[in-house]
Amino acid sequence: MSAVFQPLINLAGWAWGLLGAFVFALFGEEFAPSILYVVKILILIMCIVLPLMGFMAYLTLIERKVIGWMQVRIGPNRVTFFGIRALGGLAQPVVDGIKLLFKEIIIPTGANKFLFILGPIMLMMPALAAWAVIPFAPEVVLANVDAGLLYIMAITSMGVYGVVIAGWASNSKYAFLGALRSAAQIVSYEIAMGFALVGVLMSAQTLNLSGIVEGQHGELGLLNWFFIPLFPLFIVYIIAGVAETNRHPFDVAEGESEIVAGFHVEYSGMAFALFFLAEYINMILVATLCSLMFLGGWLSPFPQSWGVIGAGGFHWLFAKLFFVLLMFIWFRATFPRYRYDQIMRLGWKVFIPITIFWIAVVGAWMQTSLWVWWK
């Protein structure tokens, strides 16, 4: 993989050297290092955000095509680039974005205008900020902080404020009911998700996400991954992730059959697009975290002794997160929406007891010679 990208890496190094010489000539040795540092951080942020936005846009197309295939439908197949029929449907996310960009944002009478606009921003900001500590490969991370897992849990829990603010500021009973549902649901499943991550922390003995992946490194390939000893927590984490992102069948916060569209019912245009973006970015984030903490991240599922296919790399991380995303899509195409009381009962009476019990099992297991995952 490094050989494939080496010309691009060389070109980037040459461009950075040219930029550095220009900045030093313009601002001098006193200010140039600080300016170059800020520019470097901004470039790295764009290297994460722009591919993420593109992947998110085409994930919507993949979802519509996969669900169409599961339900024996065609899915989007008309919108093309330059009329090339072989590219049927590939321009659909582009025209969807253009449509939302030019739609008018209508603020309801009686709504709190400031909070109405702030709501989707508050939901979008944590969804993007969480990617600062996500490692994509060894040493390929924007901020390799030791408490990365703690940062993820803290920053993602702030998204509920955007939902509550949007539902309250809309001055609509339907939106307010959806916001209350979402707040209660997120709090319920965050507890189960947090306990699932406690199991990962116990197994890896670190809060650093790169360290968690390295804790799954071994000669046996996928047999060294944490999903084996933590399988109940792995299942709870995936289902809780579906609930946290308000995805079907846990999308009662925006249940069309009872509350029209929930907390974002009064939104249109780019304000609605921010809710849409945040949902799919959070969906990708949950899939990525699941891959890092339970499925070995960028590590190969094959033993190292198998040569090329036993070597790790970003392609393995992408394959794993894509597999988890396909599970999200599969759930949407298969299961009916739960009642709200069923969702609350599942979170409090099933998932939390299971996670607490399995944490105790793992703690006892780690004291024996049968625990082989602890480095």
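Asn246 counts as buried, at 6% relative accessibility, where buried means under 20% relative accessible area, exposed over 50% and partly exposed in between, using a 1.4 Å probe and protein chains only. Asn246 sits in the loop between helix 8 and helix 9, and its phi is near 55 degrees, a positive value in a residue other than glycine. This is a predicted model, in which local features need pLDDT of at least 70, side-chain atom pairs count only at pLDDT 80 or more, and totals for chains, interfaces and linings use all residues. Residues are numbered from 1 along each chain as its sequence is written, and side-chain values use heavy atoms, with hydrogens and water left out.

**Backbone in the loops**

- Most residues other than glycine have a negative phi, and most peptide bonds are trans.
- Gln205 is not a glycine, yet it has a positive phi of about 60 degrees.
- You will find Gln205 in the loop between helix 6 (173–204) and helix 7 (209–214); helices here are DSSP runs of H or I with at least four residues, numbered from the N terminus.
- With a relative accessible area of 45%, Gln205 is partly exposed.
- The peptide bond from His248 to Pro249 is cis, with omega near 10 degrees.
- Pro249 belongs to the loop between helix 8 and helix 9 (256–259).

**Helix 3 with helix 5**

- Two packed helices are described by the angle between their axes and the distance between the axes.
- Helix 3 (residues 113–129) and helix 5 (residues 159–169) pack at about 160 degrees, with axes 7 Å apart; axes are lines fitted to C-alpha atoms, for helices over the stretch in contact, and angles run from 0 to 180 degrees between N-to-C directions.
- That angle makes helix 3 roughly antiparallel to helix 5, a label for angles over 145 degrees, while under 35 is roughly parallel, 65 to 115 roughly perpendicular and the rest oblique.
- Their crossing is left-handed, meaning that the near helix is turned anticlockwise from the far one by less than a right angle.

**Helix 8 with helix 12**

- The axes of helix 8 (residues 231–244) and helix 12 come within 10 Å and cross at roughly 150 degrees.
- Helix 8 and helix 12 are therefore roughly antiparallel to each other, and helix 8 passes helix 12 in a left-handed crossing.
- Pro232, Leu233, Val236 and Ile239 of helix 8 meet Phe351, Ile354, Thr355 and Trp358 of helix 12.
- By class, this contact has seven nonpolar, one polar and no charged residues.

**The two sides of helix 2**

- Gln92, Pro93 and Leu100 are the buried residues of helix 2 (residues 92–102).
- Seen down the axis of helix 2, these buried residues fall within an arc of 95 degrees, so they line one face of the helix; the arc is that of the directions from the helix axis to the C-beta atoms.
- Exposed Leu101 and Phe102 are carried on the face turned away from the buried side of helix 2.

**Two C-alpha separations**

- Gly363 lies in helix 12 (residues 340–365) and counts as partly exposed at 22% relative accessibility.
- Lys40, found in helix 1 (residues 2–70), counts as partly exposed at 44% relative accessibility.
- For Lys40 and Pro232, 192 residues apart along the chain, the C-alpha separation is 41 Å.

Key
Contact = heavy atoms within 4.5 Å. Nonpolar A, V, L, I, M, F, W, Y, C, P; charged D, E, K, R; others polar.
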